[in-house]
Structure formats: C-alpha cells, structure tokens
Amino acid sequence: MFNAIKNLFGGPAADLKDLVSNGAVVIDVRTPMEYRGGHVKNSINIPLDQIGNQINKIKKMNAPIITCCKSGARSGAAAAKLKASGIEVYNGGSWGAVERQLS
C-alpha cells in the first residue's frame with residue numbers, strides 16, 4: 001500500500017541505494033545556487049530548464065537516472081521529460097530524501 005501511494009505521488013518505487021551501487025546517476029535539477037547550498041554526494045547539477053538541452057549528454061551516460069530537487073515537483077517534471085526520451089529514470093523526490101536513502 002505504501003509503495004502504491006509513493007508511486008501515485010511520484011516518489012521512488014525502487015531501491016535507490018541499489019540503483020546507485022549498480023551505476024545509476026543522480027541528477028539534481030535545482031538551480032546552481034540551490035545546489036551549492038547542499039546536495040547529494042556525487043550528484044550532477046542540471047537545472048530543470050536545461051534538461052531538454054542535455055538529453056543527448058544524459059543518454060550517453062548509459063545509466064539509469066535518479067532525479068531530485070527541493071520538494072519533488074521539478075524532479076518529477078524532469079523525470080517525465082527524460083522518460084519521454086527513452087531514458088530509464090526514477091523521481092527520487094527531494095534531495096534530502098535521496099541523500100537519506102543513499103546513506
């Protein structure tokens with residue numbers, strides 16, 4: 001039941017720690033200023049407004065992607081764009097939640 005609710009609201013349905021240990025890349029879609037204020041270790045900052053221009057670069061990573069932001073809204077929008085481009089992607093929600101799951 002809890003996973004069904006998380007899926008409904010765009011939360012992660014997968015084990016993020018397992019995904020990262022198998023090569024997944026965390027992309028933080030907040031602004032550079034927000035990112036500098038704190039972020040998931042080893043994450044990459046690609047602001048939401050630049051995701052569309054970075055699709056080919058992201059595809060070349062040849063890895064599942066986990067998106068995160070401040071609350072999960074922007075990461076959900078980014079995940080939808082990436083998924084529409086054929087990329088395996090998981091909306092991790094807030095960066096703090098992703099960080100806690102990866103520790």
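Author: Buried means under 20% relative accessible area, exposed means over 50%, and partly exposed lies in between, with a 1.4 Å probe and protein chains only. By that rule, 39% of the 103 residues of the protein count as buried. This is a predicted model, in which local features need pLDDT of at least 70, side-chain atom pairs count only at pLDDT 80 or more, and totals for chains, interfaces and linings use all residues. Residues are numbered from 1 along each chain as its sequence is written, and side-chain values use heavy atoms, with hydrogens and water left out.

Reader: What makes up the protein in helices and strands?

Author: The protein has 7 helices and 4 strands. Helices (H or I, at least four residues) and strands (E, at least two) are DSSP runs, numbered from the N terminus. Along the sequence they come in the pattern α-α-β-α-β-α-α-β-α-β-α.

Reader: Why is Pro47 called buried?

Author: Its relative accessibility is 8%, and the limit for buried is under 20%, so Pro47 counts as buried. Pro47 sits in the loop between β2 (44–45) and α4 (48–51).

Reader: Which residues is Pro47 in contact with, leaving aside neighbours within four places in sequence?

Author: Contact means heavy atoms within 4.5 Å. On that basis Pro47 is in contact with Asp28, Val29, Arg30, Thr31 and Pro32, its neighbours within four places in sequence being left aside. Asp28 is 19 residues from Pro47 in sequence, and their C-alpha atoms are 7.1 Å apart.

Reader: Why are Cys68 and Cys69 not called a disulfide?

Author: A disulfide is a pair of cysteine sulfur atoms within 2.5 Å. The search of the whole structure finds 0 disulfides. For Cys68, the nearest cysteine sulfur is that of Cys69, 7.1 Å away; because the limit is 2.5 Å, Cys68 is in no disulfide. The nearest cysteine sulfur to Cys69 is likewise that of Cys68, and Cys69 is in no disulfide.

Reader: Are these cysteines buried or exposed?

Author: Cys68 has 0% relative accessibility and Cys69 has a relative accessible area of 1%. The limit is under 20%, so Cys68 is buried and Cys69 is buried.

Reader: How do you know that Asn42 is exposed?

Author: Its relative accessible area is 67%, and exposed means over 50%, so Asn42 is exposed. Asn42 lies in the loop between α3 (32–36) and β2, and its phi is near 70°, a positive value in a residue other than glycine.

Reader: What makes Asn62 exposed?

Author: The relative accessible area of Asn62 is 71%; exposed means over 50%, so Asn62 is exposed. Asn62 is in the loop between α5 (55–60) and β3 (65–69).
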